[in-house]
Amino acid sequence: MQLTIIVPTFNEAPNVAELVRRVCAAVDGVDAELLFVDDSTDDTPDVVREAARSAAIPVRLIHRDSPTGGLGGAVLEGIRDARADVCVVMDGDLQHPPEKIPELYERIRQGDVDVVVASRYVGGGAATGLADRARVAVSATSTAITKAMFPIRLKDVTDPMTGFFAVDRSRIDIGGLRPRGFKILLEMLARRSMRVAEVPFRFAPRHAGDSKASFRQGMHFLAQLTALRFGKMSLFAVIGGLGALVNLGIVWALTSFGMHYLPAAVIAAEATILGNFVLQERFVFRDMTGEASGVWSRFAKSFTFNNVELLVRIPIVALMVNTGHLTAVVATAITLVLAFIVRFVFHSLVVYAPRTPSAKKSTVRRSLESLDDQAMAPGEL
Ligand SMILES: Nc1nc2c(ncn2[C@@H]2O[C@H](COP(=O)(O)OP(=O)(O)OP(=O)(O)O)[C@@H](O)[C@H]2O)c(=O)[nH]1
Ligand SMILES: [Mg+2]
């Protein structure tokens, strides 16, 4: 087998037959297979099986009943399961013209690059298929931000967000990729230095069916981009910082309504602890929730920790001010920084610890490794 074409699908039934037809026509003469990785809730799997019967090349289907990692997870599963090392990844809605596959394939076969990106933004390419002006603006802005965040790794790439690319599986570190609904190409390019070539293509309008892009996905993308760039610790810090502002806001609002300072501070602190927990579940430790203990147990640990921290921190500040010739502001700042570090360590090692630790490594070793993983998730350019 020379080539595997991987198509992630989520409810793309009306596009499958046309896609199979055009892919088969495009790869005529190449020993290729077509692999659908499907998370659909509609009849896409049946339609794929039906189309497979009369297709000129082998058409395989992986249907995931409990999908992990969203779109990125699906692509990764396809790459793992592919029969060929050379893989072309493309959308299932015909926004990526199958007629471009031979060009991607020929380019990667030359062997001097690890990835070939089909780009909307290089000479001859076009993004005209984006649904409306707002989508064009979102796409251009997120591409610019992404490139600004990885100026060196992405210097040769005009379209790091594309879902249309060819990759040689033997030249990437599959185990190091973290599928999390993320644009998997960006993850590959950002995590290690790769040799990249681009070919232009015209992004077509969706053939049929509904878009899965949403505001929520956009927010997820930004959170994941931050995590990829700065590591989880910074995302955790951003959420903590926002929480502190909200905390101040609540105290201000309640006291200006005439409430005594103390109950106002307690209400604000508890509300912030709750809000932070929800945000960190969603954005910081989401990829670990699957293997960690249940959500109520995580909440109990996090809630207890934060309240104990609060109780301990106040007397420590008082102690530092009374005995250490420090001003209250300096003392508070020092304890906040220390508390932040302790909080991060506690959350990544205890609250979100995997339920069934592997028996082979010692607890200390495992803890250190996972802490290192969490805090240092790629930080280099
Ligand atoms: N397996 C799998 N495929 C997905 C998932 N989400 C999206 N896809 C597929 O990924 C491809 C890209 O998704 P689209 O919804 O087309 O995203 P888009 O091109 O940014 O948005 P549109 O303007 O609607 O085309 C399509 O083939 C989808 O069916 C998912 O969670 N799992
Ligand atoms: Mg699409």
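# Briefing: cores, salt bridges and a helix pair

The protein chain holds 13 helices and seven strands. The model is predicted. Its C-alpha trace spans about 80 × 50 × 40 Å along the principal axes. The chain has 381 residues, and 43% of them count as buried. Among contacts in the chain with a separation of 6 or more, 77% are between residues 24 or more positions apart.

**Nonpolar cores**

- The largest nonpolar core has 35 residues. Leu3, Ile5, Leu34 and Phe36 have the most contacts inside this core.
- Leu3 touches residues from several stretches of the sequence. Leaving aside neighbours within four places in sequence, its contacts include Val27, Val30, Asp31, Ala32 and Glu33. Leu3 is also in contact with Ala84, Val86, Cys87 and Val88. Ile101 and Tyr105 complete the list for Leu3.

**Salt bridges**

- Side chains of opposite charge can pair when their charged atoms come close. A search of the whole structure finds 24 salt bridges.
- Arg206 and Glu12 form one of them, with an N to O distance of 3.0 Å. These two residues are 194 residues apart, in distant parts of the chain. Arg206 sits in the loop between E7 and helix H7 (215-230). Glu12 sits in the loop between E1 and H1.
- Glu12 is buried, at a relative accessible area of 5%. Arg206 is partly exposed, at 22%.
- Arg60 pairs with Asp81, and their closest N and O atoms are 2.7 Å apart. Arg60 belongs to strand E3 (residues 59-63), and Asp81 to helix H3 (residues 70-81). The two are 21 residues apart, so this pair too links distant parts of the chain.
- Arg60 has 18% relative accessibility and counts as buried. Asp81 has a relative accessible area of 34%, which makes Asp81 partly exposed.
- Glu309 and Arg343 meet through their side chains at 2.8 Å, N to O.
- Some salt bridges share partners. Glu33, Arg60, Asp81 and Arg83 are joined into one network in this way.

**A packed helix pair**

- Two packed helices are described by the angle between their axes and the distance between the axes.
- Helix H5 (residues 133-149) packs with H7 at an angle of about 10 degrees. The axes of H5 and H7 are 11 Å apart.
- Angles under 35 degrees count as roughly parallel, so H5 is roughly parallel to H7.
- From H5, the residues in this contact are Ser142, Ile145, Thr146 and Met149. From H7, they are Phe221, Leu225, Arg229 and Phe230.
- By type, the residues of the contact are five nonpolar, two polar and one charged.

Methods
Residues numbered from 1 in each chain as written. Chains lettered and ligands numbered in written order. Predicted model: local features only at pLDDT ≥ 70, side-chain atom pairs only at ≥ 80, totals over all residues. Heavy atoms only, no water. Core = buried A, V, L, I, M, F, W, Y, C linked by side-chain atoms within 4.5 Å. Buried < 20%, exposed > 50% of the residue type's maximum accessible area, 1.4 Å probe, protein only. Contact = heavy atoms within 4.5 Å. Salt bridge = Lys/Arg side-chain N within 4 Å of Asp/Glu carboxyl O. Helix = DSSP H or I, 4+ residues; strand = E, 2+ residues; numbered from the N terminus. Axes fitted to C-alpha atoms, helices over the stretch in contact; angles between N-to-C directions. Parallel < 35°, antiparallel > 145°, perpendicular 65-115°, else oblique. Nonpolar A, V, L, I, M, F, W, Y, C, P; charged D, E, K, R; others polar.
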